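Please examine the chain displayed here before reading the questions and answers about it.

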Amino acid sequence: MYIVAIGWAYVILMMAITASSVGKALAVLIFLGVLPLALFVYVVGRPRRRSVAASNQMPDQPDTADSQSDQH
């Protein structure tokens with residue numbers, strides 16, 4: 001998952017190095033590098049955090065629905 005972010009950061013860094021001025025290089029780094037990478041890491045990392053938090057809130061209870069129907 002992070003290999004995509006690393007590849008994107010490399011491409012944007014190379015684009016910034018070849019920019020014709022320092023201002024353009026900074027704009028490329030911020031608008032094509034930092035902001036999209038931050039959004040990508042947030043979106044990709046979010047489901048894992050949500051599932052861990054949900055598993056910590058749910059108590060471990062045995063599933064008794066099937067065992068009760070077999071007793072009859």
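Predicted model: local features only at pLDDT ≥ 70, side-chain atom pairs only at ≥ 80, totals over all residues.

Residues are numbered from 1 along each chain as its sequence is written, and side-chain values use heavy atoms, with hydrogens and water left out.

Q: In which helix is confidence highest?
A: Confidence is expressed as pLDDT, the predictor's value for each residue from 0 to 100. The mean pLDDT of the chain is 81, with 62% of its residues at 70 or more. Helix α3 (residues 65-70) has the lowest confidence, at a mean of 60, whereas the highest, at 92, belongs to helix α1 (residues 2-17).

Q: What pattern does the chain follow along the sequence?
A: Helices (H or I, at least four residues) and strands (E, at least two) are DSSP runs numbered from the N terminus. The chain has three helices and zero strands. Read along the sequence, the pattern is α-α-α.

Q: How far apart are the end C-alpha atoms of α1?
A: The expected span of a helix is 1.5 Å times one less than its number of residues. The 16 residues of α1 should therefore span 22 Å, which agrees with the distance in the model, 23 Å.

Q: Within what arc do the buried residues of α1 fall?
A: Buried means under 20% relative accessible area, exposed over 50%, and partly exposed in between (1.4 Å probe, protein chains only). In α1, A5, I12 and A16 are buried. Seen down the helix axis, they line one face, because the directions from the axis to the C-beta atoms of these buried residues fall within an arc of 45°.

Q: Is L26 buried or partly exposed?
A: L26 lies in helix α2 (residues 22-57). Its relative accessibility is 48%, so L26 counts as partly exposed.
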